[in-house]
Amino acid sequence: MEFTHYLHTKVVFGKGTISKVGDEVRKLGGSKVLVVTTGNLLEVTGYYEVITKSLNSAGVKYVIFNEVEENPSIETCEKGARISKDEGINAIVAFGGGSAMDAGKAISVLTSLGGRVSDFFFPKVVEGSTIPVIAIPTTCGTGAEVTRYAIITDLSTKRKNTMAGPAVLPKVAVIDPEVLKKIPKKLLAWTTLDALSHAVEAYTSKSATPISDGVAIIAVDYIIKYILKAYEGDEEAKGKLHIASTLGGMAINDAGTTILHAAGYYLTTHHNVQHGLANALLMPFILEYNLKFLDEGKLNILLRVTGSSTISDFINKLCKLMDAVGIPDSVSEIGFKEEELDAIASDVMGYKRNIGNNPSPVNEGIIKDFVRKAMVGRAKVYSS
Ligand SMILES: [Fe+2]
């Protein structure tokens, strides 16, 4: 056995930890930060005061860059990097979901290493010394606070590209469950299913390691146990999901994602479907197939942890949870059309990293079969 595990990001978990962000910046030697976020997220979450007060009392100057859109583009990251260089920024505070954190990571890379975003896309491994990123997730899905990836959208090709490497990893992740108090129910469900996607994809990935398996299985356990309670507003359950999403991120940091994420990317870039929702719409069909290729011992652990007797039983449980948290039944409901089958299949085959990690054989025909099932929908496919 041979594997690499990255021990890099300091994880600070607990209620109220966001108020310590200024100290964390100081400990890393930062004196002027770019706060990378989305629109008025700082205000609507009630964290504008908390973060600026914390930075002020630590003597840290700041500039706010709040132009990150959902699925951050190359252009946005390059603009953020220009501001960062002009302002003499020496640390990044990324506050938001995966989009803000990924943009923050890309801005750190460009500020420190120069060049264009496209210079750093996979298969290049991003290495070197970068200004530190302190990541503060405001959703419970992406896990981007602990991953060595930044997913950046190329608007000209409608594809998501990955910056990957040790230099992309945040230095600190501040996981404060209180930030989820006001999260809209839908977003909570969608992002949690992204975290579940990370966990099950890492667990079934060809690149899985004993360490990624360990964290992935606890993430699955927490999500299956607590998603409904959290959806109904239980604050303790939301805290469990917040840590589960970090665990999911740790798992993919080692093991990567599979074709489930690759297929989800198409729904996002061509139908503007939120990332976690895109994965959820496809998950039962792809996962059911991939689980058939999983090592028997690992499959038994997954079934035991989720209280399932067989793969079908597990998939049925998953479908019931998705129904209960309002996930549409089929990709047809989000506007996907039969005539797109060739396009999605060839798009997925282009995500070589994901294809390489997938535990089962993949070709365009197999991908089309999954998507056809996703068009029919969970209710009909799993009715018997
Ligand atoms: Fe994801």
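Q: Does K158 count as buried, exposed or partly exposed, and how many C-beta neighbours does K158 have inside 10 Å?
A: In this predicted model, K158 is found in the loop between β6 (149–154) and β7. A residue is buried if 20 or more other C-beta atoms lie within 10 Å of its own and exposed if 12 or fewer, with partly exposed in between. K158 has 13 such neighbours, so K158 counts as partly exposed.

Q: Which value does phi take at K158, a residue that is not a glycine?
A: K158 belongs to the loop between β6 (149–154) and β7. Although K158 is not a glycine, its phi is positive, at about 55 degrees.

Q: What is the form of the peptide bond from F122 to P123?
A: P123 is found in the loop between α5 (98–113) and β5 (133–137). The peptide bond that leads from F122 to P123 has an omega near 15 degrees, and its form is cis.

Q: Is Y47 buried or exposed?
A: Y47 has its place in the loop between α2 (41–44) and α3 (48–57). Leaving aside neighbours within four places in sequence, Y47 is in contact with I18, L42, F95 and V179. Because 22 other C-beta atoms lie within 10 Å, Y47 is buried.

Q: Which distance separates the C-alpha atoms of Y47 and L291?
A: Along the chain, Y47 and L291 are 244 residues apart.

Q: Which span should helix α6 have at 1.5 Å a residue?
A: Helix α6 (residues 185–204) has 20 residues, and its end C-alpha atoms are 28 Å apart. This agrees with the span that α6 should have at 1.5 Å a residue, which is 28 Å.

Q: Which residues is A195 in contact with, leaving aside its neighbours within four places in sequence?
A: Leaving aside neighbours within four places in sequence, A195 is in contact with C140, G141, G143, A219, I223, A244, S245 and G248.

Q: Which residues of the largest nonpolar core touch the most other members?
A: The largest nonpolar core has 126 residues, and its largest share, 12 residues, comes from α7. Domain 1 (10–179) and domain 2 (183–381) both give residues to this core, so the core lies between them. The residues that touch the most other members are V33, A199, A219, I223 and A263.

Q: How many residues does the contact between the domains take from domain 1 and from domain 2?
A: The domain assignment gives domain 1 (10–179) and domain 2 (183–381), and 26 Å separate their centres, taken over C-alpha atoms. The contact takes 25 residues from domain 1 and 27 residues from domain 2.

Q: Which strand gives the largest share of the side of domain 1 that touches domain 2?
A: On the side of domain 1 that touches domain 2, at least two residues each are supplied by β1 (10–13), β7 (159–164) and β8 (172–175). The largest share is 3 residues, and it comes from β7.

Q: Which residues of α12 are buried, and why are they on the same side of the helix?
A: The buried residues of α12 are F314, I315, L318, L321 and M322. What covers them includes α7 (210–231), α10 (275–291), α11 (296–305) and α16 (378–381). They are on the same side of α12 because the arc they cover around the axis is only 120 degrees.

Note on methods. Residues numbered from 1 in each chain as written. Predicted model: local features only at pLDDT ≥ 70, side-chain atom pairs only at ≥ 80, totals over all residues. Helix = DSSP H or I, 4+ residues; strand = E, 2+ residues; numbered from the N terminus. Arc of directions from axis to C-beta. Contact = placed C-beta atoms within 7 Å. Domains from an automatic or database assignment. Core = buried A, V, L, I, M, F, W, Y, C linked by C-beta atoms within 7 Å. Expected span 1.5 Å × (residues − 1).
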